[in-house]
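Let's take a walk through this model together, from its overall layout down to single residues. Have the structure open beside you as you read.

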Amino acid sequence: MIISPLAGKSAPIDMLVNVPRLVSAYYTNVPDPSVPSQCVAFGTSGHRGSSLETSFNELHVVAISQAICEYRAKHNITGPLFLGIDTHALSIPASASVVEVLAANGVDVMLAKHDEYTPTPAVSLAIVMYNRGRQFGFADGIVITPSHNPPDNGGFKYNTPNGGPADTSVTDAIELRANELLKKGLSELKRMPYSKALQASTTHYFDYLTSYVNELTQVIDLDAIRDANLRIGIDPLGGAGVHYWGRIGEQYKLNLRVISEEVDPTFRFMTLDWDGRIRMDPSSSYAMQRLIHLQNHYDIAFACDTDHDRHGIVTPTSGLLPPNHYLSVAIDYLFRYRPAWSTTAGVGKTIVSTQMIDHVCVGLGRKMHEVPVGFKWFVDGLSNGSLGFGGEESAGATFLRLDGSTWTTDKDGIVSALLAAEITAKKGRNPGEEYRHLTEKFGDPVAKRVEAVATPIQKKNLSKLSAQQIHSTDLAGQKIISILTEAPGNAAPIGGVKVITADGWFAARPSGTEDIYKIYAESFQGQDHLDRILKEAQEIVDTAISGCNDGQ
């Protein structure tokens, strides 16, 4: 990656998104269904795009909404639909479009009381709690968010009755139907004016904020945090949880300070990310400069992204923790300090997460469930209690309640952040210090992600690669002990390849949006060994994907 000279600095005025132009384009730009980039496309986190590029516009949103209404009817999902939005400029107009379609289709929709912004975990929790113990009349949900993506982006996520992100079979069906509706000129769309939709008998209001905050004592030991009188700093990054943190501090009498409650759709208060763009990524040291500069003011500090499903942990001793470091610490802590959890509950990790988690699981005597990238793979385990924790290398995680029952089945940045305070309060060491303790037991890995150029055909080849197409027997001086193209936890294709040795590994996956592939690598032998892994990884992958037969 080439780091922009503007990374970590405030955005120049001329870089800020023109919000009136962005919102106008939402209504005036008309997608062409014959152009692939202008079609509905659900990735690992829903449909995302920009109205300026005609990839997230009014017609996309109403088509997806209609497709969801039809999916609900086909699968007899007759309970309410919980609707949440984040603070991106396109989220409010998109939510209005959604409500117009839901009301016309007779769907009971739960809007946020007082038009409050709504974090993804608050929607997931509402679904889980509503459906608990029910045999029929299940609820589901929609969150209008492009996650931490730049200010000109909009996004649409669908959560099924299990409370988690819809799996591929569901999103494929919704995507197919939405694009079919677009091709037919939306002639089969049901819709009513927004003012009429708000007055419909099916439109209701729900206090997501109070419901979520009241339940927090069931998942976090807030008494321990209060009694330790920790100095806690929080930066909501102008996101959907901006008003949640003050309520949490007040209700549970925590020594908590919110750095800023500013909401600005240009996100001008952010420092620029690695590529010189505004991105509300709490795992990026470039984007997190405001809180990092204050790290010595607090015993523990944290931030969440725009829909508050991701976390960033800042300590006075270590600064911003890499997500893999904190996931390792959180897992080690939770399975030692949650006595009511089942002794058979396992740990969910993604294929590109640190091998430190493997060592921690062995030390705990817990089974590890390794899956492809995407939080949807953890939903069933979190629902039935076979997983106590599910986490992604991209700083998204959630875990069970104190009593071992389901909390949320989607990522929860709020409880992941509060857990850092609980760890500090009960262990007397912050998560950065706890990670150093883990490295003393298991070694100190170094990791890096790089990108390599690939043609569309080569990307397709990589996504369908088999272990037999990797002819190397060693990597960076060590014997290759495993070559994976399917995840060990569920045998699902990983969309690439992972190669493992005794002290290191790499994984390669094609980008969904650019003509590149990404290489994730880690070594327990130090930087020189990591550099060798990365160099040889690219050679191994390039040889394999170039030797394939045009993607066949």
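The domain assignment, which is automatic or from a database, gives domain 1 as 9–206, domain 2 as 212–442 and domain 3 as 446–547. Please keep in mind that this is a predicted model, in which local features need pLDDT of at least 70, side-chain atom pairs count only at pLDDT 80 or more, and totals for chains, interfaces and linings use all residues. Residues are numbered from 1 along each chain as its sequence is written, and side-chain values use heavy atoms, with hydrogens and water left out.

Now to the aromatic rings. Rings of Phe, Tyr and Trp (its six-membered ring) pair if their centres lie within 6.5 Å; planes under 30 degrees apart count as stacked, over 60 as edge-to-face and the rest as tilted. By this rule there are 14 aromatic pairs. One of them joins Tyr 26 and Phe 56: the ring centres are 6.4 Å apart and the planes stand at 40°, so the pair is tilted. Tyr 26 belongs to helix α1 (residues 19–28), while Phe 56 sits in the loop between β2 (46–50) and α2 (58–74), so the pair ties together parts that are 30 residues apart in sequence. Helices (H or I, at least four residues) and strands (E, at least two) are DSSP runs here, numbered from the N terminus. Tyr 26 is buried, with a relative accessible area of 0%, and Phe 56 is buried with a relative accessible area of 0%. Buried means under 20% relative accessible area, exposed over 50%, and partly exposed in between (1.4 Å probe, protein chains only).

Phe 335 and Trp 341 form another pair, with ring centres 5.2 Å apart and planes at 80°, so this one is edge-to-face. Phe 335 is buried at 9% relative accessibility, and Trp 341 is buried at 3%. Tyr 337 is found in the loop between α11 (323–334) and β13 (346–350), and with 29% relative accessibility Tyr 337 counts as partly exposed. From C-alpha to C-alpha, Tyr 337 and His 75 are 40 Å apart in space, and they are 262 residues apart in sequence.

Which residues do ring pairs link into a cluster? They are Phe 82, Tyr 130, Phe 206 and Tyr 208.

Finally, a look at the backbone. Most residues other than glycine have a negative phi, and most peptide bonds are trans. Leu 186 has a positive phi of about 60° although it is not a glycine. Leu 186 is in the loop between α5 (168–183) and α6 (194–198), and is buried at 14% relative accessibility. Leu 237 has a positive phi of about 55°, and is not a glycine either. Leu 237 lies in the loop between β8 (232–235) and α9, and is buried at 1% relative accessibility.
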